[in-house]
Amino acid sequence: MGAPAKRVTVPSLRAMKGHRRIVMLTAYDFPTARAVDTAGTEVILVGDSLGMVVLGYPDTLTVTMEEMLHHLRAVARGTSQALVIGDMPYLSYHVSIEESVRNAGAFIRAGAHGVKVEGGKPSRIKTIEAILDAEIPVMGHIGLTPQSLNAFGGFKVQGKSTDDGKRLIDEAMALDQVGCFSLVLECVPAELAAFITEKISIPTIGIGAGPACDGQVLVLHDLVGLYEGHTAKFVRRYAEVGGAIRDAVGRFAEDVREGRFPDVATESFHMGTDEELRRLYGQNELTAEPLDTGSQPSEEKA
Ligand code: KIV
């Protein structure tokens with residue numbers, strides 16, 4: 001067995017810009033975190049998409065700090081190589097700078113190596129500056145920031161007009177200058193994402209932002225076909241796990257109903273001898289035919 005791969009760190013991720021494309025995925029629990037981590041993903045985001053793809057909420061606005069921390073702890077336990085980022089949920093960094101720093105710190109204490117914060121307006125830059133000042137690395141996120149759903153009037157591509165494109169360029173530069181270590185660009189024109197990627201010093205990680213970004217991120221449940229809600233244009237499905245689960249459950253149900261599960265010889269435990277059975281029921285009460293179990297091991301493991 002080779003030496004375990006080294007953990008990706010904030011400086012090692014920053015150094016990938018221009019050298020190696022970054023792979024980032026979401027994960028929300030121990031087994032998926034393990035799978036995503038051991039597949040060689042550089043960044044695992046415990047995204048607030050948790051609300052939609054795991055908890056069944058209609059959007060990300062309902063997700064709480066407690067829910068995020070609960071899932072983040074499980075993901076942290078399931079990773080040994082990826083940089084783990086906690087996505088600060090709606091209202092966890094909007095009320096006051098002090099509360100924002102405290103909430104960001106709670107993610108670090110739960111096992112994250114940094115946090116992601118949506119938005120790049122001047123007041124948000126101040127909040128990010130305070131979080132950074134508490135030694136907490138921050139990943140920025142601009143473009144279609146889902147927590148601004150109501151302000152945007154829906155899930156709409158951002159930065160299509162010259163004015164809006166300029167706003168996003170200014171925000172990207174401000175996030176770079178304040179000290180973010182990377183920047184998610186969500187649902188912006190590919191040309192704008194390429195321009196921003198060229199212009200700033202930190203890696204850009206795109207989702208619906210074209211191929212020129214320094215890395216790409218998708219929501220795991222979209223990628224593996226485990227989310228049945230709306231699928232955006234930029235999602236590429238690599239598996240149909242939802243269908244595979246439905247198929248497996250359907251076959252199990254059929255086997256149970258037809259009496260084919262469990263198999264008495266290979267999927268059941270047995271008494272050691274007929275004598276023990278007789279003692280269990282009483283000598284004269286053993287009327288049923290003994291089960292034909294094949295061989296009878298004296299000690300069995302579950
Ligand atoms: O919550 C999330 O999954 C995200 C990614 C889509 C970037 O913010």
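**Loops, a pocket and a ring pair**

Me: Between which two elements is the loop that holds Leu 91 found?
Reply: Helices (H or I, at least four residues) and strands (E, at least two) are DSSP runs, numbered from the N terminus. The model is predicted, so local features need pLDDT of at least 70 and side-chain atom pairs pLDDT 80 or more, while totals for chains, interfaces and linings use all residues. Residues are numbered from 1 along each chain as its sequence is written, and side-chain values use heavy atoms, leaving out hydrogens and water. The loop with Leu 91 runs between β3 (83-87) and α5 (97-109).

Me: Is Leu 91 buried, partly exposed or exposed?
Reply: Leu 91 is not a glycine, yet its phi is positive, about 75°. Buried means under 20% relative accessible area, exposed over 50%, partly exposed in between (1.4 Å probe, protein chains only). Leu 91 has a relative accessible area of 46%, so it is partly exposed.

Me: Is Cys 187 buried or exposed?
Reply: Cys 187 lies in the loop between β6 (182-186) and α9 (190-199). Its phi is positive too, near 50°, and it is not a glycine. The relative accessible area of Cys 187 is 10%, so it is buried.

Me: Which residues are closest to the centre of the largest pocket?
Reply: On a 1 Å grid over the protein atoms alone, a pocket is an open set of points where a 1.4 Å probe fits, with protein on both sides within 12 Å along at least five of seven lines; lining residues have an atom within 4 Å of a point. Points are joined across faces, edges and corners, and the volume is the space filled by probe spheres set on them. The largest pocket holds about 850 Å³. Of its 37 lining residues, the closest to the centre are Glu 186, Cys 187, Ile 207, Ala 232 and Phe 234.

Me: How are the rings of Phe 252 and Phe 261 paired?
Reply: Rings of Phe, Tyr and Trp (its six-membered ring) pair if their centres lie within 6.5 Å; planes under 30 degrees apart count as stacked, over 60 as edge-to-face and the rest as tilted. The whole structure has one aromatic pair. Its centres, in Phe 252 and Phe 261, are 5.3 Å apart, with planes at 70°, so the pair is edge-to-face.

Me: What is the form of the peptide bond from Phe 261 to Pro 262?
Reply: Pro 262 is in the loop between α11 (241-257) and α12 (274-281). Omega from Phe 261 to Pro 262 is near -5°, and the bond is cis.
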